[in-house]
Amino acid sequence: SNFVNNGFSVLRINSRGVGKSEGKFDNGIGELLDVTAVLNWLHDQNMSAAEFWIAGFSFGAWIALQTVMRRPELENYILVAPPASKYDFNFIVPCTSAGLIIQGGKDEITKEVDSAKLAEKLAAREGAEVIYQPVSNADHFFKDHLEEFSEIVDNHIKHRLVLDSTKVRKVKRDRRRRRKKKNTSEIKPERNHFPVKSLTSFDL
């Protein structure tokens, strides 16, 4: 609701095998492909959009950050309780996207100290702007702290929108969504059918 209240069009998904989503858990491989398909669809529906964000909770935060590393149009991201205690985050490459990481101080699934180290690693990248926001006494699901959580997210979105409104955007990064939408009955929208790079292709 924070994104909707700030004027965003929002698409919220469950990973494969979760809720009413078909399929079964695929250890992040299939889930990353699913998010890529969703982003491609969003681009096709919102060619003129100036802002594209991604947010994820727990396992979804792990997938979201991998997506950020591969999609330069995602200039902002929010990670909630990223599972740095459980999953490998060594896929991180130089990235200037701005991020917010929110972590419960009493999370027994994702340790606060591990999320803090992840935030430090992301912030160390040249040009990166990463804010780490721990929520004291909050568990993994922020029970009894949802109001504080919502306020943190809302303030961050508003802050970034003001900053981004003054940014000179590179044509290369916006070419996909700034081009004139062609007649879909004549020519199908351009798609990137191979947007997910193998992790072995990066120099880590």
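Predicted model: local features only at pLDDT ≥ 70, side-chain atom pairs only at ≥ 80, totals over all residues.
Residues are numbered from 1 along each chain as its sequence is written, and side-chain values use heavy atoms, leaving out hydrogens and water.

Let's start with the sheet. It is open, with four strands in the order β1-β2-β3-β4 and parallel pairing; strands are DSSP E runs of at least two residues, helices H or I runs of at least four, numbered from the N terminus. Pairing takes at least two DSSP bridges. Inside, β2 (residues 76-80) and β3 (residues 98-104) pair in the parallel sense over five bridges, and N76 stands opposite A98 in β3.

What lies across β2, β3 and β4? That is helix α4 (residues 112-123), running at about 165° to β4. Angles here run from 0 to 180 degrees between N-to-C directions, with axes fitted to C-alpha atoms, for helices over the stretch in contact.

Now to a helix pair: α2 (residues 29-45) and α3 (residues 59-70) pack at about 60°, their axes 10 Å apart. That angle makes α2 oblique to α3, oblique being whatever is left after under 35 degrees (roughly parallel), over 145 (roughly antiparallel) and 65 to 115 (roughly perpendicular). The α2 side of the contact is E31, L32, V35 and L39, and α3 brings F59, I63, Q66, T67 and R70, contact meaning heavy atoms within 4.5 Å.
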